[in-house]
Amino acid sequence: VLCTDARACVTYINPAAERLTGWQAFSAAGEHIDKVAPLRMATNGADAISPLCQALAQVRTLGPTPGVVLQRADGQRFDVEESASPITDRHGQVTGAVMVLHDVTESAAMAARLAHLAHYDALTDLPNRVLLKDRAQQAIALARRSGQQVAVLYFDLDGFKQINDTLGHDVGDLLLVEFAQRVSAVVRQTDTVCRQGGDEFIALLPALEDPEQACVVARKILAICAQALQVQERRLQVGVSGGIAWFPQHGETIDELARQADAAMYVAKRAGRMQFRLCGALGEEPQRVSC
């Protein structure tokens, strides 16, 4: 709680406000409210208009308003909800105002974490199927307008189950994280790599002009597994098999494209693994991507 006079200069702050702002009550007395409790917009860091100054100017109660950050002089930031009310005398004249700040830092952080988990895989921090589907819809809509193509790569790790069974799930999880990081490093920023579950992954490559662009990514993924992956003190060898499908040749939605790429992946497995297969025309055998 912070109180001011009619000029928005502090007359009182309670102990909780002292802890939040970093100001002692005697030091804050007489200082402008924007100096003692500087507020910023959480979205872009721009200065936020003090609700107390607004309450004084408009002679009305404001708030509570979320999405605001209290920026202390020492650099520490707190997510707050703010509200303010003018104080009037018995003649209706404004003599000051009171502002209440609620520290919601922990709840804001929890909300941000839950929002992140709703769209990202908890283990690898890759986009999950929900976010993949959303990005795929946007990519396909853009491809329809521009005449470009969208590629979907469906792939999994050969030999992963054996590592999981012999060395344990903890090692298996670390292997998936290492593999996910390496795949993310070889695709464009505009591409999306998603973990489907287990050791299965999907890569969405939007705005492509030629199938060879997807084949380049497939070769990079194969190269990742051509050498052993370092996990803790172990060097683990796995392979990768995958399939590639195209919009609009092989499907109109991400689900259709994923099914076609998945089918091509199993052709790659039957053909000896450690390869990608590119879907062909209807009835044709998927073509192997040359390395």
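Select Leu132, Lys133, Ala136 and Ile140 in helix H6 of this predicted model; these residues meet Ile254, Asp255 and Leu257 in helix H10. By residue class, the contact of H6 with H10 comprises five nonpolar residues, no polar ones and two charged ones.

Proceed to helix H8, residues 169-186, together with helix H9, residues 211-226. Here the axes come within 10 Å and cross at roughly 145°. The crossing of H8 and H9 is right-handed. To view the contact itself, select Phe179, Arg182, Val183 and Val186 in H8, then Lys220, Ile221, Ile224 and Cys225 in H9, which they meet. The residues of this contact of H8 with H9 are six nonpolar and two charged, with no polar residue.

Finally, move to strand S1, residues 2-5, and strand S2, residues 10-13. The two strands pair in the antiparallel sense, over three bridges. Select Cys3 and look across to S2, where Tyr12 stands opposite. Then follow the chain through the hairpin of S1 and S2, which places four residues between the strands. Which residue of this hairpin takes a positive phi? Select Ala8, whose phi is positive and near 70°.

Conventions: Residues numbered from 1 in each chain as written. Predicted model: local features only at pLDDT ≥ 70, side-chain atom pairs only at ≥ 80, totals over all residues. Heavy atoms only, no water. Pairing = 2+ DSSP bridges. Axes fitted to C-alpha atoms, helices over the stretch in contact; angles between N-to-C directions. Left-handed = near helix turned anticlockwise from the far one by under 90°. Contact = heavy atoms within 4.5 Å. Nonpolar A, V, L, I, M, F, W, Y, C, P; charged D, E, K, R; others polar.
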